[in-house]
Amino acid sequence: MDRNLQRQVASMRKSLFDQGYLDEQFIQLEDLQDDANPNFVEEIVTLFYTDSAKLIRNIDNALENNPTDFGRLDDYMHQFKGRSSSIGAKKVKTECTQFREYCNAGNAEGCIRTFQQVKQELATLKRKLETYFEIARQAGT
């Protein structure tokens, strides 16, 4: 195991929490990872992104409908927020909450704007986690 890589992994992990990308739920996932399933967290995160793609498409499609079906949008975002919470995606979850508030207010423009932010936070977290997992593998952690 490379000590420099291990320090880099620890530093990256800390910054993901310090910058508000992840919350304690991610730690709970890490606690479930063991020698029998050394890639558990990465597999769960990969599944999250696979499942998210369909929900993102559903939300995109629902936002194009006129009139806007806020009930359907809220249902989709409720599912997406739950999935985001399950991996500890804190910034994504926060944007989902904002989106749902716009749904409840019947504010289509707010939904569209916030959904762009949801997708941006989702993409940023994905890039950061992919790098984190890759370096963690190299470090043998």
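1. Helices (H or I, at least four residues) and strands (E, at least two) are taken here as DSSP runs, numbered from the N terminus. On that basis the elements of the protein run α-α-α-α-α-α from the N terminus on, with six helices and zero strands.

2. The model is predicted, so that local features need pLDDT of at least 70 and side-chain atom pairs count only at pLDDT 80 or more, whereas totals for chains, interfaces and linings use all residues. Residues are numbered from 1 along each chain as its sequence is written, and side-chain values use heavy atoms, with hydrogens and water left out.

3. Along its principal axes, the C-alpha trace of the protein spans about 55 × 25 × 20 Å. The accessible surface (Shrake-Rupley method, 1.4 Å probe) comes to about 8,100 Å², of which 46% belongs to carbon and sulfur atoms.

4. Of the 141 residues of the protein, 36% count as buried, a term that stands for under 20% relative accessible area, with a 1.4 Å probe and protein chains only. Where contact means heavy atoms within 4.5 Å, 67% of the contacts between residues at least 6 apart in sequence join residues at least 24 apart.

5. Serine 84 lies in helix H4, which covers residues 70-87, and this residue counts as buried because its relative accessibility is 0%. Once its neighbours within four places in sequence are left aside, serine 84 is in contact with Phe48, Ala89, Val92, Lys93 and Cys96.

Definitions and conventions. Buried < 20%, exposed > 50% of the residue type's maximum accessible area, 1.4 Å probe, protein only.
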